[in-house]
Amino acid sequence: MTSRPKRMRRPIAVLALAGALAAPGAVRADDELPTRAPGLWESVSRTEDGVTTARQCIDATTDRKARDITAGAASCSKNAVTRTADGYATETLCKVGPLTAEGRGVITGDFKTHVTIETTTTLTGLPEGAGPSVRRTVIENRRLGDCGPGQKPGDIILEDGSVAPTPGTPR
């Protein structure tokens, strides 16, 4: 996949809503997603706007916390995860102000060394009368090994090398 020039950034609410759909959160107990193995994970997100890479040092607590925080980023009337023969299927319906996002996704992987999330999200209620926007996101997660020296569970290492905490984790 070739990298395209970045388009004008959408409002932050749109990104938060799309992010909530990319990483399903609160689910029924019988279909709960497993936590990823502890360590340093690299996430490569691909959308029509380009590719973003980040690394995150996680343990079971921070992995669960990140999923719960993301789920709480939007008001979702539907946030279902269903176990399938190959992994998990997701369905979401979320609303933030005038924005509505309806998504479907597939999550596969062993959660020890890799996890792939593929979502298709339809956004409606966009500013300035824009019609519906369909966004496809593929997130490839792979475990790189143990967290590095000085890294704490919850640390998110961005492409520029800066470190941000997972929301809701103590610093």
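**Figure 1. Salt bridges across the whole structure.** A search of the whole structure finds 9 salt bridges, a salt bridge being a side-chain nitrogen of Lys or Arg within 4 Å of a carboxyl oxygen of Asp or Glu. Residues are numbered from 1 along each chain as its sequence is written, and side-chain values use heavy atoms, with hydrogens and water left out. Because the model is predicted, local features need pLDDT of at least 70 and side-chain atom pairs count only at pLDDT 80 or more, while totals for chains, interfaces and linings use all residues.

**Figure 2. The salt bridge between D63 and R36.** The closest N and O atoms of D63 and R36 are 2.7 Å apart. This pair links distant parts of the chain, 27 residues apart, with D63 in helix α2 (residues 60-71) and R36 in the loop between α1 (12-22) and β1 (39-47); helices (H or I, at least four residues) and strands (E, at least two) are DSSP runs, numbered from the N terminus. Both D63 and R36 are buried, which means under 20% relative accessible area, whereas exposed means over 50% and partly exposed lies in between (1.4 Å probe, protein chains only).

**Figure 3. E91 and its salt bridges with K78 and R104.** K78 and E91 meet through their side chains at 3.2 Å, N to O, and they join strand β3 (residues 75-83), which holds K78, to strand β4 (residues 88-96), which holds E91. K78 is partly exposed at 36% relative accessible area, and E91 is also partly exposed, at 30%. For R104 and E91, the closest N and O atoms are 2.5 Å apart, and R104 lies in strand β5 (residues 99-109), 13 residues from E91.

**Figure 4. A network of salt bridges.** E42, R55 and R142 are linked in this network.
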